[in-house]
Amino acid sequence: MSSSQKVPWDDRYKLGIENIDAQHEKLFELVNRLFELEDSNSNKEELRTILYEFSDYMQTHFRDEEEYMSMIEFPELEEHKKLHQEIVESLAQIISTPAKLNIIKSKMRIVSKRALIDHIMHEDTKLNIFLAEQEDEDIFDISDI
Ligand SMILES: [Fe+2]
């Protein structure tokens, strides 16, 4: 499997929230181990380990992220939880469906791009916008004077 088929981490995905960024980066690391796996039957056990580890860590991360969102009273928490749930379900489906390694890899590439890149860039970044808005509250609004 060539490394071009990996889902590489990019610093552009950083939200500036240390714990969450570290967890996101680790998720990329975990899923990329799958794309390094050779297509051989002797790798079955390793495949299982990688998939479970990725899925477990994804759930840990979602729990932590939701806890953080609740702590800062992020208004879109409920919608965000639903998106997390959808990702967890897609992963569970891949894990429970027997398939050839290259099929698992391509399904995982799609899910991890959606769960990692798209989700971080389009959904988790709403956290940043919300935090920035909170900081802006002491800015004078003179538009109605
Ligand atoms: Fe999220």
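Modeller: The model is a predicted one. The protein has 4 helices and 0 strands. Along the sequence, the pattern reads α-α-α-α. The C-alpha trace spans about 70 × 25 × 20 Å along its principal axes.

Start with helix H1, residues 18-36. H1 has 19 residues, and at 1.5 Å a residue they should span 27 Å. The end C-alpha atoms of H1 are 27 Å apart, so the two values agree. Four residues of H1 are named as buried: His24, Leu27, Val31 and Leu34.

Next come H2 and H3. Helix H2 covers residues 44-71. The axes of H2 and H3 come within 11 Å and cross at roughly 175°. An angle over 145 degrees counts as roughly antiparallel, and H2 and H3 are therefore roughly antiparallel to each other. From H2, the contact uses Leu51, Ser55, Met58, Gln59, Phe62, Glu66, Met69 and Ser70. From H3, the partners are Leu77, His80, Lys81, His84, Ile87, Val88, Leu91 and Ile95. Sorted by class, this H2 and H3 contact holds 9 nonpolar, 5 polar and 2 charged residues.

H3 also packs with H4. Helix H3 runs over residues 77-96, and helix H4 over residues 101-135. Their axes lie 10 Å apart, at an angle of about 170°. H3 and H4 are therefore roughly antiparallel to each other as well. On the H3 side, the contact involves His80, Leu83, Ile87, Ser90, Leu91 and Ile94. On the H4 side, it involves Ile104, Lys107, Met108, Val111, Ala115, His119 and Glu123. By class, the contact of H3 with H4 counts 8 nonpolar, 3 polar and 2 charged residues.

Finally, step back to the whole chain. Buried residues make up 12% of the 145 residues in the protein. Now take the contacts between residues at least 6 apart in sequence. Of these, 69% join residues at least 24 apart.

Terms used. Residues numbered from 1 in each chain as written. Predicted model: local features only at pLDDT ≥ 70, side-chain atom pairs only at ≥ 80, totals over all residues. Axes fitted to C-alpha atoms, helices over the stretch in contact; angles between N-to-C directions. Helix = DSSP H or I, 4+ residues; strand = E, 2+ residues; numbered from the N terminus. Parallel < 35°, antiparallel > 145°, perpendicular 65-115°, else oblique. Contact = placed C-beta atoms within 7 Å. Nonpolar A, V, L, I, M, F, W, Y, C, P; charged D, E, K, R; others polar. Buried ≥ 20, exposed ≤ 12 C-beta atoms within 10 Å, placed from the backbone. Expected span 1.5 Å × (residues − 1).
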